[in-house]
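Open your viewer and get ready to click. This tour tells you what to select next and what is there.

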Amino acid sequence: MILEIRDLKKHFPIKGKKNMSVKAVDGVNFGIEHGETFGLVGESGCGKSTVARLIIRLYKETGGEIILNGTDITKMKKSEMKKFRRDIQMVFQDPYASLNPRMTVERTIIDPLNIHGIGTLEERKSKVLELMEVVGLDKRYAKRYPHEFSGGQRQRIGIARALALNPEFVILDEAVSALDVSIQAQIINLLQELQDRYKLTYLFISHDLSVIEYMCSTIGVMYLGKIVEMGTKDDIFINQKHPYTQALLSAIPTMDIENKKKAIILKGDLPSPSNPPSGCAFHTRCGKAMEVCSLESPPAVTIDGAHKVSCHLYG
């Protein structure tokens with residue numbers, strides 16, 4: 001297993017309100033095997049991107065462990081983290097905001113190589129041109145700036161930068177959500193080609209269930225800072241158990257009129273992560289809620305193999 005997350009938490013203190021915090025991530029557990037694509041899906045604000053930023057150490061965790069290749073990186077000092085940063089990289093959602101507008105394509109991609117002191121200057125420049133070709137960018141564009149490219153081209157630059165240090169593990173945080181549908185397909189195919197070519201492991205974060213289904217072998221469904229259901233692609237898309245997962249999947253548009261499922265309309269608004277409901281966080285919107293749901297937080301129960309669900313209906 002390349003990555004294991006154990007009881008990961010991130011609580012952001014609220015200024016001016018003593019002992020109050022936003023529980024963005026509140027006890028997340030999952031593992032990712034070498035070479036697989038693990039999908040993390042859920043509504044906006046459920047904590048998906050916060051998990052990504054915790055793994056890559058942009059945020060300091062409130063609690064829990066992040067085990068990368070057998071080592072708990074939460075216990076490491078900044079100086080010790082440098083060598084591990086070569087193994088884990090990230091492609092961000094906004095392909096423009098994640099690039100420095102004052103840096104050319106060449107400088108953007110070569111920067112990680114300079115920081116880690118890899119190769120001679122000529123070798124680094126050669127690596128830049130090689131990566132540009134790999135991600136589908138013309139080498140002539142090396143001296144151009146981000147504003148001279150389309151959204152899809154900018155995301156290719158971000159992918160090339162992420163691959164510069166030959167990482168084992170890449171986090172893709174809504175990496176295609178800001179792109180047109182036709183461009184999304186190109187980038188998704190590129191990511192799959194790169195995974196096969198470089199033996200990469202992906203954490204793929206998205207709110208687009210169709211993309212998650214196409215890309216991922218294992219999927220975790222998040223709600224209000226917790227993973228409520230986790231399993232294989234078939235577990236989630238064919239045999240889903242949690243009422244929240246069922247509601248998400250019922251909202252997917254379909255052209256199959258005969259087998260179209262009735263949409264499950266969730267009642268109420270998404271609760272605030274600064275004041276989550278007692279017991280099961282989903283019980284305020286759940287049509288199957290029981291009395292115990294408001295009193296006790298449901299443990300994760302194994303249904304079959306890797307299929308796990310946190311719901312009192314299966315306790």
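## First stop: Leu99

Select Leu99: its relative accessible area is 4%, so it is buried. Buried means under 20% relative accessible area, exposed means over 50%, and partly exposed lies in between, with a 1.4 Å probe and protein chains only. This is a predicted model, in which local features need pLDDT of at least 70, side-chain atom pairs count only at pLDDT 80 or more, and totals for chains, interfaces and linings use all residues. Residues are numbered from 1 along each chain as its sequence is written, and side-chain values use heavy atoms, with hydrogens and water left out.

Leu99 sits in the loop between β6 (88–91) and α3. Helices (H or I, at least four residues) and strands (E, at least two) are DSSP runs, numbered from the N terminus.

What does Leu99 contact, leaving aside its neighbours within four places in sequence? Select Thr108, Pro146, Arg154, Ile157, Gly158 and Arg161. Contact means heavy atoms within 4.5 Å. Now draw a distance from Leu99 to Arg144, C-alpha to C-alpha: they are 12 Å apart in space and 45 residues apart in sequence.

## Zoom out

Show the whole chain. The protein has nine helices and 12 strands. Its C-alpha trace spans about 65 × 50 × 40 Å along the principal axes. A compact globule of 315 residues would have a radius of gyration near 20 Å, and the protein's 21 Å agrees with that. The radius is taken over C-alpha atoms, and the globule rule is 2.2 Å times the number of residues to the power 0.38.

Colour by burial next. Of the 315 residues, 49% are buried. Take contacts between residues at least 6 apart in sequence: 62% of them join residues at least 24 apart.

The protein exposes about 15,800 Å², and carbon and sulfur atoms supply 50% of that. Accessible areas come from the Shrake-Rupley method with a 1.4 Å probe; for residues, only the protein chains shown count as cover.

## Helix α3 and its cover

Select residues 105–115, helix α3. Which of its residues are buried? They are Val105, Glu106, Thr108, Ile109, Ile110, Pro112 and Leu113. The cover over these buried residues includes α4 (121–134) and α5 (151–163). Step just past α3 to Gly117, where phi is positive, about 60 degrees.

Move on to Glu130, in helix α4. Glu130 has a relative accessible area of 38%, so it is partly exposed. Draw a line from its C-alpha to that of Ala164: 9.8 Å separates Glu130 and Ala164, which are 34 residues apart along the chain.

## The nonpolar cores

Nonpolar side chains tend to be buried together in soluble globular proteins. A nonpolar core here is a set of buried Ala, Val, Leu, Ile, Met, Phe, Trp, Tyr and Cys residues joined through side-chain atoms within 4.5 Å.

The largest nonpolar core has 56 residues, and Ile159 and Phe204 touch the most other members. Centre on Ile159. Apart from neighbours within four places in sequence, Ile159 contacts Val91, Val135, Ile187, Leu190, Leu191 and Leu194. There is also a second, separate core of 31 residues, with Ile55, Ile56, Met81 and Met222 among them.

## Helix α1

Select residues 48–55. Is helix α1 largely enclosed or largely open? Six of its eight residues are buried, so the rest of the structure largely encloses α1. The buried ones are Lys48, Thr50, Val51, Ala52, Leu54 and Ile55.Click Thr50, in helix α1. Thr50 counts as buried, because its relative accessibility is 13%. Leaving out neighbours within four places in sequence, its contacts are Lys10, Phe12, Ala24, Val25 and Tyr59. From Thr50 to Gly225, 175 residues apart along the chain, the C-alpha atoms are separated by 9.1 Å.

## Last stop: two positive phi angles

Most residues other than glycine have a negative phi. Arg57 is not a glycine, but its phi is positive, about 75 degrees. Arg57 lies in the loop between α1 and β4 (63–68). With 16% relative accessibility, Arg57 counts as buried.

Finish at Glu174, in the loop between β7 (169–173) and α6 (181–198). Phi of Glu174 is positive too, near 50 degrees. Glu174 is buried, with a relative accessible area of 7%.
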